[in-house]
Amino acid sequence: MNEYPLNPDLFSDKVKMEPIRAGFGRGLKAAGEADDKVVALCADLTESTQVELFRQAFPDRFVETGISEQNLVTVASGLVMAGKVAFASGYAAFSPGRNWEQIKTTIALNDQPVKIIGSHAGISVGPDGATHQMLEDIALMRVMPNMIVIVPGDSIEAEKATLAIAKNNKPSYLRMCREKTPIFSTDKSPFEIGVAYILREGHDVSLMGTGTMTYQLLAAARILAGQGINAEVVHIPTIKPLDREIILASAHKTGRVVTAEEAQIAGGLGGAVAELLGEKLPTPILRLGMQDRYGESGTPAELFDFFGLTGEHIADKVADFVRDTPQYHRD
Amino acid sequence: MNKRLTIDQLQSKANDIRQDIIRMLGAAGSGHTAGSLDLADILAALYFDIMKIDPSNPDWSDRDIFLLSNGHTVPVQYAAMAEAGFFDKEELMTLRKLGSRLQGHPERTKLPGLENTSGPLGSGLSQAAGYAYSLQYMDNNKHRFVYTIMGDGELDEGNVWEAAMFAGKYKLSQLIAFIDRNNIQIDGNTEDVMPLGDLAAKWRSFGWHVFEIDGHNIQSIIDTVNMAKAITNRPCMIIAYTIPGKGVDFMEYDYKWHGVAPNSEQTETALQELKASSDSEDTK
């Protein structure tokens, strides 16, 4: 099993909070320092997607495209034809929300190393409301052959993921959120594309999360422990390729699976895990996330509460699920 | 190309390309005839005179770049590539067939010498602009050029105008684009389906230098590209007026040939006509 050091301040008031996109900004600059083929494009969101750090360090390798997401990714495709590794940043609602076909035809079909950076994803973008809360991007990008899909859990992991996709020579999607979120990993925590990590061992139920929801699952597991339910927490930063081995092993061990994501469960992490289990190891599954509906305006905290995606709400739902569901595949 | 071809020889190449197109589409039983035929003169000029390319080394690092944006006309590109020696002409007959490198729309990973994947309209100009941006601003390379061709119906796509603004802003002087102004699209004439109006004025207003030429006059195509190369402070758009179905009498000007391939009888008739015009040129 992989050793995964967790932030010791995880459940204290002192836990450091930082937007996931901040890690991306640092990672992109570092990737630019490591490889002069790395270039960045942005569609009028240089500051908010944190490409600003890169732009200041490498002004000659930064391309402003204006508010034009179709142009953003197709220009990126042209830059990659000319030998570059291109990071194309925008809001996930518009990229890949608006330019999916261009990403498919000019990037993924060609297996070219354009990195689509979708910022401000999920309900945590808050008051902007449903139009700007991208919830379908995981599903949209996961069905695209050749595409790598990564949803980092915190800013430290986002930095590592950015450096990793700068070197993977594949079309890749990196999903980020706007809000400050608690940092649960450490500089020493591992990150590798395609690998899932056991953050907490348990034997009653497997809680599998991606992105910001992993922290909420850790919080839920702590509450559940107080109720005598021993939950395993699996962090799945790479949605594609999925770490089948870790997921199947955990499902086999606990016999009950819960998935959680700040996205539509249809086609998202919940969809991916359900497909895998359905084929290889049919297991009762509870999928938490957006249940075939759009978001709405509110503060991020209000919305997590409203949609039942806080540690407390998740713990309640998992407790019911565990009570009502027999364990499958127990050795 | 070691030895420069004469205009007569280039016209003969264009005729060969047209015959290849008819044979390929006849064998395939589906595909886009009108636009493929009308681009034969531009492709002959590009592949046999204008572009710096090496068919025996498609990835040559010093090559010029060609992106066909209206990918449905790819039979003309396959024919030009085969005539130029990128692959054997026999392979043209595999067009659109299972296992072929000659997909119904061009795919970069399938065939060496294809720079892009296209078909869904509106993206080629942005890709060409991205490449030209890299040459001009990142690679300090001033001697390679990026060529692209769009259909006129393609200009209905918003992506095109995003690219127009982008290339204008950055004065991408190594970008030379063509519009195949044949006035047809699937549903009819372009000015009925979605009027394009004064195209030259539109592109000028985006910061482009615009030329308007007869897209079947090879001398004019070559001269215009030479002028375009000499313009170093803006991208160039060459609006090439063409006749859809050019070279085959019963196809010319008829939008119904946009997305249809000739049957065996029509294939024979078309080939006879093209051969006859080729013979008459030879005896001139």
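**Core, domains and chain interface of the predicted complex**

Apart from its neighbours within four places in sequence, L207(A) is in contact with L217(A), A220(A), A221(A), A231(A), E232(A), V233(A), V234(A), V258(A), A260(A) and V318(A), two residues being in contact if their C-beta atoms, placed from the backbone, lie within 7 Å. The model is predicted, so that local features need pLDDT of at least 70 and side-chain atom pairs count only at pLDDT 80 or more, while totals for chains, interfaces and linings use all residues. Residues are numbered from 1 along each chain as its sequence is written, and chains are lettered from A and ligands numbered from 1 in the order in which they are written.

For the complex, the predictor gives an ipTM of 0.95 and a pTM of 0.96. The average pLDDT of chain B, on a scale of the predictor's confidence in each residue from 0 to 100, is 96, and 98% of its residues score at least 70.

L207(A), A44(B) and A129(B) have the most contacts inside the largest nonpolar core, which has 188 residues. Such a core is a set of buried Ala, Val, Leu, Ile, Met, Phe, Trp, Tyr and Cys residues joined through C-beta atoms within 7 Å; a residue is buried if 20 or more other C-beta atoms, placed from the backbone, lie within 10 Å of its own, exposed if 12 or fewer, and partly exposed in between. Helix α3 (residues 40-50) of chain B gives the largest share of this core, 9 residues, helices (H or I, at least four residues) and strands (E, at least two) being DSSP runs numbered from the N terminus. Because 10 of the 11 residues of α3(B) are buried, this helix is largely enclosed by the rest of the structure; among the buried residues are D41(B), A44(B) and Y47(B).

Chain A is divided into domain 1 (17-182) and domain 2 (197-324), with bounds from an automatic or database domain assignment. The centres of the two domains, taken over C-alpha atoms, are separated by 25 Å, and 27 residues of domain 1 are in contact with 30 residues of domain 2.

Between the chains, 25 residues of chain B are in contact with 25 residues of chain A. On the side of chain B that touches chain A, the largest share, 11 residues, comes from α5(B).
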